[in-house]
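Welcome! Please take a look at it first, and then we can go through it together.

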Amino acid sequence: MKIKDLRKDFIDSLAGLYNREEVESFFYMLSEKYLDMRRVDIALALGNEVNDDKISCFATAKERLFNQDPIQYIIGDTEFYGLLFKVNKNVLIPRPETEELVDWIIKNQEGEKRNRKLKIIDIGTGSGCIAISLAKNIPNSEVYAIDVSEKALEIARLNAADNDVEVNFIKANALELDSLDGDYDVIVSNPPYVRELEKKEIQPNVLDNEPHLALFVSDENPLIFYKKITELAKSSLALGGLLYFEINQYLGKETKVMIQEQGYQAVNLRKDLYGNDRMIQAGLIKNNIKNL
């Protein structure tokens, strides 16, 4: 089978389930994975033959796409903040809004001069995308990461090794911790925050594949992780340290008020590129907020 025929069959087969642009994107992502060819390479080699093994790979991927498997899980990795991360059904697929949170933290640390390492802890690390990106981009940092899932931590450890950074991974349930055992300059978390009532808004490829443990909280207590982590941070932030959260876009004001009620004097609610309340920065001292 020629590449042009493989492409036509792939796109035509999936066109009824996804829009054409999305299917084309899937094909070119898979082409990079299985054929080691970018879009421009494909355009110049449409008449080239594809061997049976590669055709079989595309057929398997097509079947999984029919079943609404995320393309990132099919390929086995995804890009986040310029780095490549392994992903599977045991970890959430990193989102662009989480990149915005990471970028906020990194930019706030640019130009800072310290005579010691900057201590960072990521609570609910999943694939490790936040912790690893911070370790990679903040010089002289000492990074810790917590997750309740050992399978998630296995992926995170592989990602740290692949990206040539050192992160101290810890298996723990944040809700059961009495303290974070240290003074941290940055405490960051992207905890579960989607309420059960919001499931109807979730696409099937997310709802049926990504780990619910990392996604959902009860309607009755949607801020359970934020309350716990905010309490832990009160005794674990170094002088001038900052707490960062990715948050539920519908609960921005409620989350901000809760943090303020915990005694934080500097709380900054920030929107993402789509105009949704998506992240919060908080400090215990009024003048330590950095709204870059």
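Which residue in β11 is the bridge partner of Glu246? The partner is Met279. Keep in mind that this is a predicted model.

- Seven strands make up an open sheet with mixed pairing, and their order is β5-β4-β3-β6-β9-β11-β10.
- At the edges sit β5 (167-171) and β10 (266-271), each of which pairs on one side only.
- On average, neighbouring strands of this sheet are turned by 15° against each other, direction ignored.
- Strands of a sheet pair through backbone hydrogen bonds, either parallel or antiparallel.

**The pair β9 and β11**
- Strand β9 covers residues 237-246 and strand β11 covers residues 277-283.
- These two strands run antiparallel, and four bridges join them.

**A helix across the sheet**

**Where α6 meets α7**
- Helix α6 spans residues 96-109, and its axis comes within 10 Å of the axis of α7.
- The two axes cross at roughly 35°, and the crossing is right-handed.
- From α6, the residues Thr98, Leu101, Val102, Ile105 and Ile106 take part in the contact.
- On the α7 side, they meet Ile130, Ser133, Leu134 and Asn137.
- Sorted by class, this contact of α6 with α7 has six nonpolar residues, three polar ones and no charged ones.

Conventions. Residues numbered from 1 in each chain as written. Predicted model: local features only at pLDDT ≥ 70, side-chain atom pairs only at ≥ 80, totals over all residues. Heavy atoms only, no water. Pairing = 2+ DSSP bridges. Axes fitted to C-alpha atoms, helices over the stretch in contact; angles between N-to-C directions. Left-handed = near helix turned anticlockwise from the far one by under 90°. Contact = heavy atoms within 4.5 Å. Nonpolar A, V, L, I, M, F, W, Y, C, P; charged D, E, K, R; others polar.
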